[in-house]
Amino acid sequence: MDCVCVHLGAGYHSAKKLHVYKELCLKACKEGMKVLEETNDSVAAVTATVTVLEDSPLTNAGTGSNLTTDGSVECDAGLMEARSLKFAGVGAAAGVRNPIQVAKMMLDEQKAEPKLRGKKNPCLLVGPGVCRWAVERGMMEVHPSQLITEEAIKERKKSLKLLTQAREQRSSQEAALDTVGAVCVDSQGNAASAVSSGGILLKASGRVGHAACFACGCWAQTYCNSADESCTVAASTSGCGEDLMRVSLAKQCCDTMATAENQSEAIVNVFRDQFLESPFLSDVPEKLGGAVILKCDQDVIELSLAHTTPSFIVAYQTRQHTKAKVLVSRCNDEKKVGTSVTVQGEMINLRKKRKCSDP
């Protein structure tokens, strides 16, 4: 049942750079599958997968993230495991190269937490406390300047100029909303999801986005139905954090997909009802978001992706399929960006082929 799926976020991915985006997704999938085969641990696998994405200056996560108004890098990340239902998030983190690894350390401590009265390990850390907590546990602190790229500096200057001229900061097609993430299920059926983001352009220092927030950036849960059967669902989201937080999009996707018979129809419904037409977002004319959802039921894995942005890139790999597959989904009508949903899905049947002599 082993499967790793990554997303390069909901945003705009130019055709000129499409080949490097695909290569990055393939690299992340390969690393995640390697860790999954070595550890049979979905949490370790999604962490390794997202670490590859954070280390790439191509993404808005970790190195190369969008800069704040004061020119610094502050990142958010979240991680959740279906079996334990534990969640860990870090927000506005500076001085750490891989915020997703800090989230994993937090999750591990929660799972190993002794049942002592008054003792509680954190599930959310923000600001300077993130780096301090990680350094105390052996993680190396990095100078904030090491996470800043020339491209990020150029984008900040460009946006500041537009802002001072009282113009629109960036068009929806150019918006760097490409939060990265991954979902994974191991051979024991345990799923995990992860998400990491550098946040929106010119965000205020200290701003925390959806990636660090419970139920918003990622979700993973095993659902039981009345027939004493179960399925496990994991989701990772991308887009404008302020909008995703107001509707808890990751959990909404999982809750809906868990009981759905038609995955494509279900994901359209959840994006329409819980996002595009949500009363919580009635004052938002253009709603930008995306999600990848993994649903595993016995030996069948269904992958679905949906987005309201110009494009969304997903790659997945299974133990049975040694080569990862990349899916590039695009909204074909620019006028519908932010107001309609584009959907794509894949079904992976991992059941072994039965021989005639099989009972």
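A search of the whole structure finds 0 disulfides, a disulfide being a pair of cysteine sulfur atoms within 2.5 Å. Cys-29 is in no disulfide, and the nearest cysteine sulfur, that of Cys-5, is 6.6 Å away. Cys-29 counts as buried because its relative accessibility is 0%; buried means under 20% relative accessible area, exposed over 50%, and partly exposed in between (1.4 Å probe, protein chains only). For Cys-75, the closest cysteine sulfur, in Cys-131, is 12 Å away, too far for a bond. Cys-75 is buried as well, at 1% relative accessibility.

This is a predicted model, in which local features need pLDDT of at least 70, side-chain atom pairs count only at pLDDT 80 or more, and totals for chains, interfaces and linings use all residues. Residues are numbered from 1 along each chain as its sequence is written, and side-chain values use heavy atoms, with hydrogens and water left out.

Helices (H or I, at least four residues) and strands (E, at least two) are DSSP runs, numbered from the N terminus; two strands pair if DSSP finds at least two bridges between them. Five strands form an open antiparallel sheet in the order E7-E8-E9-E10-E13. Strands E7 (218-224) and E13 (342-349) each have a single partner strand, so they stand at the edges. Strand E10 (residues 300-307) pairs with E13 in the antiparallel sense over 8 bridges, and Glu-302 stands opposite Met-347 in E13.

Two helices pack on this sheet, with contact meaning heavy atoms within 4.5 Å. Helix H7 (residues 249-258) touches E7, E8 (230-239), E9 (289-297) and E10, and its direction makes about 145° with that of E8. Helix H8 (residues 263-276) touches E9, E10 and E13, at about 35° to the direction of E10. Axes are lines fitted to C-alpha atoms, for helices over the stretch in contact, and angles run from 0 to 180 degrees between N-to-C directions.
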